[in-house]
Amino acid sequence: MIKVAFLGDIALFADGTLEGDWKTKFQEVADFLSGYDLVVANLEAPITERSFTAVCKGIHLKTTEKIIDVLKMLNVKIVCLANNHMCDFGMKGLYDTVKKLDGAGIAYYGVNGRSETVKINGETLSFHGYCCYSANGAHYAYKKGEMGVHALIREHVLYDLQEDVKRNVLSVLSMHWGDEYSSLPNYRQVNFAHDLAKVNHFILHGHHTHVMQGIEQYNNSVFAYSQGNFCFDEVHSTVNRTQNIKQSAENAESFILCVDVENDKIIRWNTTGIFN
């Protein structure tokens, strides 16, 4: 059996949490996560020192390599990079990120044609990540195997799920999608998740909305449509300093999805609420 914990969006900045005593801030949740064989998160900001970008958008995010120490303290062994901010500083910013993660021994998926297979305690999980067009990302990969952030394309998701069926492994589908600041998934998301669950059971690891959405168990699958912000600093654009987004109390609420897997099946799941 393997015990897996899924976290929502993580974006910490040099002038925010990373500037202070972040170890004390995360000690309690780190102690909780130390009891899991595998911790998975959505890393929402590229790890780069680049200050110039040609990517046209309102908010550009980036973090420093201190985030590696945070991820390690939280027992995060693998991160999804398929999100709308991973290429805020272009493909060079993405390259910097994967280089830092490789050097730290933290696995990643959802970019550059990369999925990830993890084997622990005799169990095998297959991780795939996708970012919806509506999230306003950059450098989307439209074809299988292209460089960039994996676009959320129905045919690609079905292909990945069907390949995992052939290998008899449990799929984890990380979806960066949904309507920001909405507490409910939209009907297209629900219908899509239900259609996928008719192919095979899987774990849906949803993020992007910055607030919590519902959880559903359907056909032996578990859907966390969006887990909200696990830890997300107030946003001050690194390109346009007049662009700022303050975090509300609702943005600070999140939950950890805890799943036990045995014989490539979900045998139990629960949630633990957090406030950051």
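Six strands make up an open sheet of mixed pairing, ordered E5-E6-E9-E10-E12-E11; strands are DSSP runs of E with at least two residues, and helices are runs of H or I with at least four, numbered from the N terminus. Two strands pair if DSSP finds at least two bridges between them. Strands E5 and E11 stand at the edges with a single partner strand each, so one side of each lacks a neighbour in the sheet.

This is a predicted model, in which local features need pLDDT of at least 70, side-chain atom pairs count only at pLDDT 80 or more, and totals for chains, interfaces and linings use all residues. Residues are numbered from 1 along each chain as its sequence is written, and side-chain values use heavy atoms, leaving out hydrogens and water.

Here are some elements to find in the view above.

| Element | Residues |
|---|---|
| Strand E5 | 116–120 |
| Strand E6 | 123–131 |
| Strand E9 | 170–176 |
| Strand E10 | 202–207 |
| Strand E11 | 215–218 |
| Helix H4 | 154–167 |

Strands E6 and E9 run parallel, joined by seven bridges, and Tyr130 stands opposite Met175 in E9.

The largest nonpolar core has 69 residues, among which Leu81, Phe127 and Phe230 touch the most other members. Such a core is a set of buried Ala, Val, Leu, Ile, Met, Phe, Trp, Tyr and Cys residues joined through side-chain atoms within 4.5 Å, where buried means under 20% relative accessible area (1.4 Å probe, protein chains only). A second, separate core of 16 residues includes Cys132, Met175, Leu196 and Phe223.

Note on methods: Buried < 20%, exposed > 50% of the residue type's maximum accessible area, 1.4 Å probe, protein only. Contact = heavy atoms within 4.5 Å. Axes fitted to C-alpha atoms, helices over the stretch in contact; angles between N-to-C directions.
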